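Okay, thanks everyone. Let me put the model up and walk you through a few spots.

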Amino acid sequence: MATWQPDPSFYPSPRLAAKAPPEQLAYVAAFDPARKSPDSIAVVDLDPSSPSYSSIIGTVAATHAGDEFHHFGWNACSSCLCPNAPHPHIERRYLVVPGLRSSRIYILDTKPDPRRPQIVKVIEPQEIAEKTGYTRPHTVHCGPGGIYVAALGNKDGKAPGGVFVMDHESFEPLGRWEVDRGPQQLAYDAWWHLGFDTMVTSEWGAPETFENGLVPEILLGSKYGRRLHFWDFTKRKHLQTIDFGEEHQLVFELRPAHDPTKPYGFVNCVISLKDLSSSIWTWYRDGDKWAVKKIISIPAEPADPDLLPPVLKGFKAVPPLVTDIDLSMDDRFLYVACWGTGDLQQYDVSDPFNPKLTGKVRIGGIVARASHPGAKNGAKNGKLNGGPQMVEVSRDGRRVYFTNSLYGAIDPQFYPEGIDGWMVKLDAKSDGGVAFDPKFFIDWPKGQRPHQVRLQGGDCSSDSYCYP
Amino acid sequence: MSTPAISSDIWLWLAIAGLGLFHGINPAMGWLFAVALGLNHRSERIVWLSLLPIGLGHALAIALVLFLVLALGLVLDPGLLRPLAAAMLFGWAAWHALYGRRHKVRFGMQVGLGGLFLWSFLMANAHGAGLMLIPAVIPLCLAASPTHALTVGTSLPIAFAALGVHTAAMLATIGIVSIVVYKRVGVGFLRRGWINLDLVWTIALVACGVLLLAI
């Protein structure tokens with residue numbers, strides 16, 4: 001139902017959104033790597049004054065097993081205030097939760113009780129494939145005119161992957177987004193610059209190349225994704241491809257500046273085939289084209305082969321495996337999750353071409369197994385596995401949350417004994433610097449692993465804005 | 001020839017101007033687009049410049065409906081025109097309530113002046129803006145005609161005058177609102193101040209239909 005005033009969680013500009021009150025709840029996608037029990041969305045209490053702070057206070061189980069909950073998003077957000085296609089009186093109320101493996105999409109209503117969301121609709125994979133031509137739904141973004149979902153496979157589970165749109169009230173899959181996809185074949189993430197009518201998409205691979213884990217031959221042959229694609233957002237037409245080159249593999253998370261007047265953004269490249277380093281790149285407007293520049297390179301760390309999983313023994317090094325990044329609302333701090341080494345790094349990117357490392361913590365990691373001040377069992381180093389992965393930043397930039405599982409089929413390639421899930425929180429100083437909140441360590445219930453975190457009312461990777 | 005009508009039907013002309021104010025004040029009719037473009041380019045000049053194609057697009061949409069309905073009035077039985085126009089208003093209200101929130105994103109923040117014109121034209125049409133003027137324009141045209149029937153000679157000048165009054169009021173409104181928001185208030189007020197004008201709009205369409213049948 002339409003409301004009388006705009007949803008209070010909608011902000012015209014990122015500047016105003018940064019003044020939002022602190023979040024009280026997080027929704028976290030969790031999955032069963034054995035695919036035996038249904039995946040779930042967990043509700044986590046983030047209110048420091050609450051007795052149940054830093055614990056899971058509710059879970060919503062899927063109706064099926066084996067969905068592989070991964071990323072998810074809201075039905076509507078601040079872009080509803082955009083002047084060209086305004087929808088200001090719709091509510092940010094429903095979570096759109098895709099099963100990356102099953103291609104099923106669940107709609108959860110958070111309104112009657114935000115602590116106990118309920119599944120109100122399940123869209124079966126057949127319907128999505130029939131109406132959009134896509135499967136393996138991944139990224140979900142609320143945007144002008146509907147819900148945009150980046151999907152990794154076509155209806156046969158092969159390339160091309162792409163983007164489809166769903167109605168943000170009825171949740172009906174409306175169809176494929178691209179009118180002209182040009183040379184784009186591989187898909188992964190998708191986001192946009194509303195101020196420049198530009199969509200950006202990145203690349204992982206066709207589902208058959210990752211659903212049983214990364215395939216070494218494909219990786220070493222540089223056949224996984226390594227390109228960015230730029231699109232005309234209103235004409236839905238492919239404009240430009242930027243190839244990062246044979247050395248670079250897995251170009252993943254897209255974090256465009258929130259300020260619609262800034263034509264730049266950041267993307268992570270997971271691995272260099274030359275030296276196993278990870279890198280961060282800035283894409284930017286250069287004349288009438290887009291261009292990229294590598295701004296951060298994080299080297300692999302030499303390691304005793306005995307401590308490494310089989311896939312890495314020959315390299316005698318642990319790669320940083322930067323698999324997620326997140327940009328603060330004021331576009332000042334970039335958070336970089338190094339799933340391999342266990343670092344969570346904070347860079348000041350006020351100058352998007354001259355990043356400065358302003359803080360870091362280490363937790364888990366393939367070799368480090370670094371501990372947390374709040375981990376139980378008096379856990380010393382050597383206890384925690386997995387590493388910083390999906391990272392989410394509060395709208396005011398003062399709190400950073402992250403979890404430790406990457407993807408069911410890839411987790412055991414780098415953490416062969418399996419991953420014991422955890423979720424932690426950092427406190428961030430307003431001028432840079434991060435530290436663990438010693439009271440916030442969630443030892444994730446056995447049998448499930450946590451992935452993406454979404455904060456109640458919006459976060460730094462949920463909303464986009466039309467006003468500076 | 002229309003002078004006596006203006007003096008006796010001053011309230012109808014005020015209604016036409018009032019509808020210009022009502023249309024203009026709705027952020028979805030364009031002033032907010034002008035403000036957004038100005039803010040993104042940090043240019044007050046862009047705000048002013050954008051208002052022109054927005055006003056013209058709106059005026060063209062109004063003109064299209066006015067002349068279409070009046071043309072119908074010339075060929076139809078006079079007794080049929082009012083119920084027909086009222087039915088159109090009710091139908092538009094129903095469509096607006098059910099589907100009015102669905103629109104494709106054809107124009108974005110890189111829109112040019114031509115795109116703004118087209119956007120405004122489409123938005124005004126989709127909202128049934130022109131239909132709202134019918135309950136005021138038809139009585140004016142009838143009153144202006146000595147035989148109290150719609151004729152080209154009496155209706156055309158009235159329609160043009162109505163279009164002018166409405167557009168002037170609309171332009172003045174979007175000009176004042178956008179410059180006040182751009183320079184003083186800021187878009188932050190939208191968070192609470194952007195009331196559901198779509199709902200008001202639907203009610204206005206129904207009210208216009210009722211008026212048309214009543215008068």
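I'll start with the ground rules, then take a sheet, a residue and a helix pair.

So, this is a predicted model: local features need pLDDT of at least 70, side-chain atom pairs count only at pLDDT 80 or more, and totals for chains, interfaces and linings use all residues. Residues are numbered from 1 along each chain as its sequence is written, while chains are lettered from A and ligands numbered from 1 in the order in which they are written.

Chain A has an open sheet of four strands, ordered S12-S13-S14-S15 and paired antiparallel. Strands here are DSSP runs of E, at least two residues, and helices are runs of H or I, at least four, numbered from the N terminus; pairing takes at least two DSSP bridges. S12 (190-193) and S15 (237-243) of chain A sit at the edges with a single partner strand each, so one side of each has no neighbour in the sheet. Four bridges join S13 (198-201) to S14 (227-232) in chain A, and Thr201(A) has His229(A) as its bridge partner.

Now, Asp189(A), in the loop between S11 (173-176) and S12 of chain A. Is this residue, Asp189(A), buried or exposed? Buried, because it has 23 C-beta neighbours inside 10 Å, and the cut-off is 20 or more other C-beta atoms within 10 Å, placed from the backbone. Leaving out residues up to four places away in sequence, its contacts (C-beta atoms within 7 Å) include Thr201(A) and Phe252(A).

Last, chain B: H3 (31-41) and H8 (152-185) cross right-handed, meaning the near helix is turned clockwise from the far one by less than a right angle. Among the residues meeting there are Trp31(B) from H3(B) and Tyr182(B) from H8(B).

Conventions: Two residues are in contact if their C-beta atoms, placed from the backbone, lie within 7 Å. A residue is buried if 20 or more other C-beta atoms lie within 10 Å of its own, exposed if 12 or fewer, and partly exposed in between; C-beta atoms are placed from the backbone.
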